[in-house]
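Trainee: Could you take a close look at how the inside of this one is put together? I'd like the definitions with their cut-offs as we go.

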Amino acid sequence: MTQTDLIQTIKDKALWMRRTAFGMVHAAQLGHPGGDFSAIDVMATLYFGVMTFDPKQPNRADRDRFIMSKGHATGALYSALCAAGYFPQDWLQTYMQPRSLLNGHPNRNYLPGVETNTGPLGHGFPVAVGIAIAGQLTKANYRTFVLTGDGEQQEGSNWEAAMVAGHRKLNHLTLIIDRNRLQQGAGTEETSGLDPLDEKYAAFGWEPIFVDGHDHGQLLQVLSAPVGDKPRVVIANTVKGKGVSFMENKANWHHGVPNAEQFAQAMKELI
Ligand SMILES: Cc1ncc(C[n+]2csc(CCOP(=O)(O)OP(=O)(O)O)c2C)c(N)n1
Ligand SMILES: [Mg+2]
């Protein structure tokens, strides 16, 4: 496949994921669509352009690992896993229903492709560091990718994990920060400021890179770049609610859910 075709495939998957995730949220009348939409272009690039995995053998030892540390964004995660072939499409209709395998926060005991349970912010990144340490100790070649929210970076556990990863030079580890500048109900910089994230991570022994988190070409280039000699942090500048005009950059769409009219309008825009 040419690079242009690959980027088109990723775009098509991202569009399907946005429509699917919003459909799940609309049906359940629950979810976190703002953070789904800021993350979906990163996720589509990882699953359809970067990572090596086999959905028929989800526990293959040599698979690349993806950890969704911002575990509330299950619309993004489940639509990616379904599109990647981990489970049939009709499972999506059960999202957040009683006894569904598709909980509001992902559970590795229920769903293939989920590497670890997340939801409590600040949990997935430390687990990803542990997975990367295991890879380093066993001289494995797999890569570990972990996605955190930017508000999530306010949790202290992230900074312990970052310190260990820098110290151990976990060069097969890539952290992606979904830098949409909003958390639940407010901006990150007015709540507990994070900037300058690049300088902070550099001081912890990481290689920081900024990227437009909705530019599939840029994302593909940065996320598939060969490993260096340090862990890498990709600070993805994103828009919460990206793709739907009335949701973009609106804090109330963190866990807002659409009525029938809003859902129809979103489907008109997501084409
Ligand atoms: C430890 C913990 N505290 C609070 C919450 C509730 N919560 C869920 S999402 C969220 C905001 C997260 O903001 P951010 O990380 O920026 O996510 P995004 O903008 O990507 O949705 C909060 C406070 C939680 N899940 N875990
Ligand atoms: Mg955020």
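Mentor: Start with the largest nonpolar core: it holds 63 residues, and Met43, Ala44, Ala76 and Ala80 touch the most other members. H2 supplies the largest share of this core, ten residues. By nonpolar core I mean a set of buried Ala, Val, Leu, Ile, Met, Phe, Trp, Tyr and Cys residues joined through C-beta atoms within 7 Å. Buried means 20 or more other C-beta atoms within 10 Å of a residue's own, exposed means 12 or fewer, and partly exposed is in between, with C-beta atoms placed from the backbone. Helices (H or I, at least four residues) and strands (E, at least two) are DSSP runs, numbered from the N terminus.

Bear in mind that this is a predicted model, where local features need pLDDT of at least 70 and side-chain atom pairs count only at pLDDT 80 or more, while totals for chains, interfaces and linings use all residues. On labels, residues are numbered from 1 along each chain as its sequence is written, while chains are lettered from A and ligands numbered from 1 in the order in which they are written.

Back to Met43: apart from neighbours within four places in sequence, it is in contact with Met17, Ala76 and Ala80. Contact here means that the two C-beta atoms, placed from the backbone, lie within 7 Å. In soluble globular proteins, nonpolar side chains tend to be buried together.

Now the sheet. It is open and parallel, with five strands in the order S1-S2-S3-S5-S4. The edges are S1 (65-68) and S4 (207-212), each with a single partner strand, so one side of each has no neighbour in the sheet. On average, neighbouring strands are turned by 20° against each other, direction ignored. Helix H8 (residues 216-223) packs on this sheet and touches S3, S4 and S5, with its direction making about 160° with that of S4. Those angles, from 0 to 180 degrees, are taken between N-to-C directions of lines fitted to C-alpha atoms, for helices over the stretch in contact.

Two strands pair if DSSP finds at least two bridges between them. S1 and S2 (residues 144-149) run parallel and are joined by four bridges; Arg65 has Thr144 as its bridge partner in S2. Both faces of S1 are covered, with Arg65 and Ile67 buried on one side and Phe66 and Met68 buried on the other.

Further in, S2 and S3 pair in the parallel sense over six bridges, among them the one that joins Leu147 to Ile176. S3 (residues 173-179) is also joined to S5 (residues 232-237) by six bridges, and Ile177 has Ile235 as its partner there. As for cover, seven of the seven residues in S3 are buried.

Beyond four places in sequence, Arg179 is in contact with Asp150, Ile235, Ala236, Asn237 and Thr238.

Gln153 is worth a look as well: it lies in the loop between S2 and helix H5 (157-167). It counts as buried because it has 25 C-beta neighbours inside 10 Å. Its contacts beyond four places in sequence are Thr148, Asn158, Ile177 and Leu194.
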